[in-house]
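I had this one open on my screen today and jotted down what I looked up. Here is the structure first, and then my notes.

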Amino acid sequence: DELMQVDPKDGTAVRKIAAPYKATAGLAFGDGYLWVTDRKRDRLYMVQPKSGWVLNSLRVKKPYPSGAAFGDGAIWITDYEPDTITEVRLEELTPMRVLKTREQKVVFTHRVSNGGPSEVTDLSIWLAEPESRPGQKVVSAEVAAPDGKLSSAKDRFGQAFRLARFDSLSPGRSAEVTLTARVDVQAVSWFVDPAKVKPLAKIPEEVRRLYLVDEEKYLINDPLVKKTAKEIVGREANAFFILQRVFDYVTENMSYKLSGGWNAAPFLLKRKTGSCSEYTILTIALLRAAGVPARYVGSYVIRGEDASVDYVFHRWVEAYIPGIGWIPVDPNKGDADYPADRARGIGSLDARFLVTTVSGGDSDVLAWQYNSQAKWSH
């Protein structure tokens, strides 16, 4: 499970890195990267030799890829059974590819129950409205609020909401808002060519204004956050490689633990544990401190069975890479044995999420929550 560099003069080992996965079959070098075929998963990996990072993962057209060669801006792949040679031209690879689509019906309900003894007044339930975006196509979305008054609104990040207002709620009674959506959820993969990444100076002003500023849980000017970001990034100027370094640091230093509240980045750097939300908070803080815009998305998790009830939600990061755009970053996927599996945390989405919320931080509607929120007086 290793790739080894040897001295061509005497064949002795110079250095070694972990192989992307356990079925390495072909190896080539070109444009400064290693191109590794995996005949178990039918994949071609783009590997940075110095770090061993899998920068991109491509599914090949023919099964059992066994050999690879690089030349004239293309990778040539031989396969074990069909006996063909396939050409993969780098300039023809699109930044985003849809791998699989699933049609789903999703019903989400936010219910507020008054256990008494006093009467609840001025009840407001905010429901984030899902929109079509990379990874999902919203075919229809209907919101119902029996006994409530519905209206529409947006927060400072442009997130759309439906607001249901209820004048009062007597003890023993409930109020609810329900979203019924029909969506095409997609498995999506990005291909990022580091040579096409533009300088950080090319980041649009609107993106800078919303997603490079400080927020109360990021604290990007905190001495520990600034020091850690500087140590991680060093002199690296390419936004994609900065992202790789931050991702590598967070996944190496954080352990998943679902407990406590959503603490700020300086606390997380010391505690080194957290949920998906805290992985997200720390990753965004370090990216912004390093000059890379970042935001978070919140979602429902769709199991996809004909009849299922789920109470599982998930949050992850989106990083803005100039010249490429927004790409998904899920640091929770970094806890894996093989580099190819860890690489799925950058530029990859499974067909099991319905994103409802896109936010840069403390929303004037949901605060740091996602999906929905309720407020009332009593």
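**Entry 1: Ser348.** Leaving aside neighbours within four places in sequence, which residues is Ser348 in contact with? I found Val188, Trp190, Pro328 and Lys333; contact here means heavy atoms within 4.5 Å. Ser348 sits in strand S21, residues 348–349. Helices (H or I, at least four residues) and strands (E, at least two) are DSSP runs, numbered from the N terminus. Ser348 counts as buried because its relative accessibility is 15%. For the cut-offs, buried means under 20% relative accessible area, exposed over 50%, and partly exposed in between, with a 1.4 Å probe and protein chains only.

**Entry 2: ground rules.** I noted that this is a predicted model, where local features need pLDDT of at least 70 and side-chain atom pairs count only at pLDDT 80 or more, while totals for chains, interfaces and linings use all residues. Residues are numbered from 1 along each chain as its sequence is written, and side-chain values use heavy atoms, with hydrogens and water left out.

**Entry 3: the whole thing.** I got six helices and 23 strands for the protein. Its radius of gyration is 23 Å, close to the 21 Å that the globule rule gives for 378 residues, so the protein is as compact as a globular protein of that length. That radius is taken over C-alpha atoms, and the rule is 2.2 Å times the number of residues to the power 0.38. Along the principal axes, the C-alpha atoms fill a box of roughly 85 × 50 × 35 Å. Buried residues make up 52% of the 378. I also looked at contacts between residues at least 6 apart in sequence, and 63% of them join residues at least 24 apart.

**Entry 4: helix H5.** H5 covers residues 276–289, which is 14 residues. From first C-alpha to last, H5 reaches 20 Å, close to the 20 Å expected at 1.5 Å a residue; the expected span is 1.5 Å times one less than the number of residues. Is H5 mostly covered or mostly open? It is mostly covered, with 13 of its 14 residues buried. Just after H5, I spotted Gly291 with a positive phi of about 95 degrees.

Entry 5: Ser299 lies in strand S18, residues 294–301. Ser299 is buried, with a relative accessible area of 0%. Asn332 is in the loop between strand S20 (325–329) and helix H6 (339–342). Setting aside residues up to four places away in sequence, Asn332 touches Tyr256, Cys276, Tyr279 and His314. I also checked Asn332 against Gly274: they are 58 residues apart along the chain, and their C-alpha atoms are separated by 10.0 Å.

Entry 6: Which peptide bond is cis, with omega near 5 degrees? It's the one from Gly116 to Pro117. Pro117 is in the loop between strand S10 (96–113) and strand S11 (120–128). Asp42 isn't a glycine, yet its phi is positive, near 55 degrees. I placed Asp42 in the loop between strands S4 (33–38) and S5 (43–47), and it is buried at 18% relative accessible area. Leu219 isn't a glycine and has a positive phi of about 50 degrees. Leu219 lies in the loop between helices H1 (205–211) and H2 (223–233), and at 30% relative accessible area Leu219 is partly exposed.
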